[in-house]
Amino acid sequence: MSAKKRNIVEKIWDAHVVVEKEGHPCVFAVDLMLLHEVTSAQAFATMKEKGIKIKEPARLMATIDHSIPTRSDRTVFYDKAAETQVDTLRRNCKESGIKFYDYESGNQGIVHVIGPELGATQPGMTIVCGDSHTATHGAFGALAFGVGTSEVGHVMATGCLLQSKPKSMKVEFKGKLGKGVYAKDAILKLISEIGVGGANGHVIEYTGEAVRAMSMEERMTVCNMSIECGARAGLVAPDSTTYEFLKGRELAPESSDFDEAVAYWNSFCSDEGAAYDKEIVIDLDALEPMVTWGTNPGQAIGISQKVPDFNALQGSEKEDTESALAYTVLDPGAPIEGTAVDWAFVGSCTNGRIEDLRVAAAVIAGRKVHPQVTLYVVPGSESVRKQAMEEGLDKVFEEAGAQFRMPGCSMCLSMNDDRVPQGKRCVSSSNRNFIGRQGPGSITHLASPATVVASAIEGRLTSPRAYLN
Amino acid sequence: MQKFVSIQSKVIPLKMNDVDTDQIIPAQFLTSVSKEGYGANLFSRLRKEDPEFPMNKPEYRGAEILVAGYNFGCGSSREHAVWAITDAGIKVVIAESFADIFFNNSAKNGLLLIQLPKEAVEKLQKCDGSVTVDLESQTVNSSNGDSFKFDYDPFRKYCLLGGLDDIDYILSYENEIDSFRRANTRDWMKIGTAPRKKAATMA
């Protein structure tokens with residue numbers, strides 16, 4: 001009898017179960033944990049209280065991203081609590097022997113940008129972080145998911161978590177992305193189709209010709225937003241694109257070991273004909289640039305479409321739509337294109353990588369940001385920033401009237417000083433348009449970096465197509 | 001972790017779906033390094049802007065059960081959302097469904113999350129008397145005479161009733177964990193513990 005056909009989620013799961021006992025969640029091994037300043041301090045404190053030592057500091061790496069300023073004088077904090085948080089992580093890492101990528105290390109940045117950059121993120125691994133966008137690392141064929149601070153503590157103490165086996169969901173992206181349409185638009189389309197809780201309890205495997213054609217950066221954008229449809233994680237099976245990206249990176253296997261590593265990594269790919277708990281196909285051929293109109297990432301439409309008219313809806317859908325539109329101050333049934341914007345943001349773990357900055361720069365080169373718009377371009381890491389400067393992208397942005405800032409999460413969640421003012425409208429390459437996400441009273445429209453920049457030029461939501469050659 | 005047995009309380013009706021953790025506690029309030037004090041900013045915007053928000057009304061003061069729509073706790077993994085809820089004195093959240101990470105975080109802080117069908121949720125939201133939640137028998141009873149059974153993972157129930165922490169449970173398998181690592185570490189891996197050819201570059 002042949003062995004059961006398994007998908008990639010089951011294979012990684014099976015390879016990391018340490019203890020399986022009837023009626024209990026499994027003891028599940030974690031290969032790598034990433035730390036940042038906001039969700040780790042309480043875990044370190046619990047370890048101290050309990051007198052437990054960190055079991056394997058070499059499985060942990062840390063950086064600062066969420067609450068740090070992105071001004072050029074970023075070591076100066078206006079928020080003293082944030083400064084304490086950063087200093088606490090710095091001290092905790094030093095005391096515990098955890099590698100800490102501090103300012104000017106050359107590798108500081110958004111935790112989900114630097115893991116892949118360093119080659120730490122690899123196929124078949126289990127990766128956790130006290131951050132829901134940890135699924136970004138799934139682009140490499142890793143099972144990567146966000147955990148709370150208690151679970152951060154569990155991994156510190158034991159290298160393991162208690163986990164129940166997740167369900168699996170296959171999302172096939174068919175067709176090709178057209179002009180002006182990007183990975184961001186594909187994932188927004190999926191979320192708009194299945195809703196913000198559509199994949200609750202599942203790990204998504206993204207498959208299909210469109211995914212195979214994507215660069216690692218694009219795959220990261222897709223996996224990054226898996227949580228926005230409720231998925232525990234999202235991943236893409238590794239292939240030559242993955243391996244080319246990893247080769248030569250600091251924490252990737254040495255070249256002499258690479259073939260052995262690739263053979264191991266390949267073993268995690270889904271078996272032909274493996275089953276999933278759920279399957280969905282999304283055709284990308286006719287997809288246009290997407291933009292959100294409401295207060296969650298599922299409330300997204302094509303740029304040429306109209307905002308839903310809640311009068312035509314019923315029950316809780318009507319109420320939810322009505323209250324979302326009341327917050328975003330949009331007229332039901334009105335076209336979304338042409339909505340005036342005040343702010344624009346290119347950055348975040350969703351779209352703050354070098355490819356994103358290149359796309360944004362190509363759209364704005366030789367043009368100007370609309371006089372009524374403030375455009376922030378925030379690289380995802382020091383390394384992205386350096387690369388962008390080597391390519392002269394910083395000059396392109398600055399000459400257009402945009403601000404090219406220091407790396408961090410910035411205006412994606414506005415924990416630092418970067419905030420969209422009350423009542424102002426921002427078109428943003430980030431991942432959440434929740435109420436007040438970019439600052440109290442701010443209104444967010446999620447879109448791709450190209451759409452963000454094109455809209456910043458016109459001062460209103462617009463398709464980037466006319467700006468692309 | 002605090003033990004959970006049973007409670008009787010008024011319910012706070014939160015007639016909203018997809019309540020995200022940014023609503024529960026906005027990021028601006030996450031710069032603390034402690035687990036305490038987040039209750040003051042629970043649902044900060046709604047409490048500030050909407051006088052009709054239930055938590056602004058005196059009749060719900062001291063209520064320990066929150067009843068919401070579907071997909072409660074979606075979005076960010078911040079455990080601060082759970083700390084804010086428990087710090088405000090809430091011990092049970094009943095909803096049509098919950099987001100995964102929020103569900104996990106709650107179990108680790110003694111906050112009982114109960115999933116009930118829409119009709120049950122709507123009935124409970126209308127109950128202005130008291131509601132009794134009993135974990136042992138997995139029942140919710142209202143003074144209106146409604147009674148609902150709920151499903152609950154037996155392991156999680158055992159932990160909640162005993163106030164037991166996952167960490168001690170995992171630590172009891174230390175030998176298994178160590179032998180797992182020995183068996184699954186490959187020479188070329190640079191992350192994690194020895195044995196391997198090259199010295200650890202991570203530590």
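Trainee: In which handedness of crossing does H6(A) pass H8(A)?

Mentor: Happy to start there, keeping in mind that this is a predicted model. The pair is helix H6 (residues 183-194) and helix H8 (residues 216-224) of chain A, whose axes come within 8 Å. H6(A) passes H8(A) in a crossing that is right-handed.

Trainee: How are the axes of H6(A) and H8(A) oriented, roughly parallel or roughly antiparallel?

Mentor: The axes cross at roughly 25 degrees. Angles under 35 degrees fall in one class, so H6(A) and H8(A) are roughly parallel.

Trainee: Which residues of H8(A) meet H6(A)?

Mentor: Look from the H6(A) side, where Ala183(A), Lys184(A) and Ile187(A) take part. The residues of this contact divide into three nonpolar, one polar and two charged. The partners in H8(A) are Glu218(A), Thr221(A) and Val222(A).

Trainee: At what angle do H13(A) and H14(A) pack?

Mentor: Helix H13 (residues 354-364) and helix H14 (residues 382-390) of chain A have their axes 9 Å apart. H13(A) also passes H14(A) in a right-handed crossing. Their packing angle is about 40 degrees.

Trainee: Now the sheet: which strands stand at the edges?

Mentor: The open sheet has five strands in the order S17-S16-S15-S18-S19 (chain A), with parallel pairing. An edge strand has a single partner strand, so one side is left without a neighbour in the sheet. In chain A those are S17 (403-404) and S19 (443-446).

Trainee: What is the bridge partner of Phe345(A) in S18(A)?

Mentor: Strand S15 (residues 343-346) and strand S18 (residues 425-428) of chain A pair in the parallel sense over three bridges. In S18(A), the partner of Phe345(A) is Ser428(A).

Definitions and conventions: Residues are numbered from 1 along each chain as its sequence is written. Chains are lettered from A and ligands numbered from 1 in the order in which they are written. This is a predicted model: local features need pLDDT of at least 70, side-chain atom pairs count only at pLDDT 80 or more; totals for chains, interfaces and linings use all residues. Side-chain values use heavy atoms; hydrogens and water are left out. Axes are lines fitted to C-alpha atoms, for helices over the stretch in contact, and angles run from 0 to 180 degrees between N-to-C directions. Helices (H or I, at least four residues) and strands (E, at least two) are DSSP runs, numbered from the N terminus. Angles under 35 degrees count as roughly parallel, over 145 as roughly antiparallel, 65 to 115 as roughly perpendicular and the rest as oblique. A crossing is left-handed if the near helix is turned anticlockwise from the far one by less than a right angle, and right-handed if clockwise. Contact means heavy atoms within 4.5 Å. Ala, Val, Leu, Ile, Met, Phe, Trp, Tyr, Cys and Pro count as nonpolar, Asp, Glu, Lys and Arg as charged, and the others, Gly among them, as polar. Two strands pair if DSSP finds at least two bridges between them.
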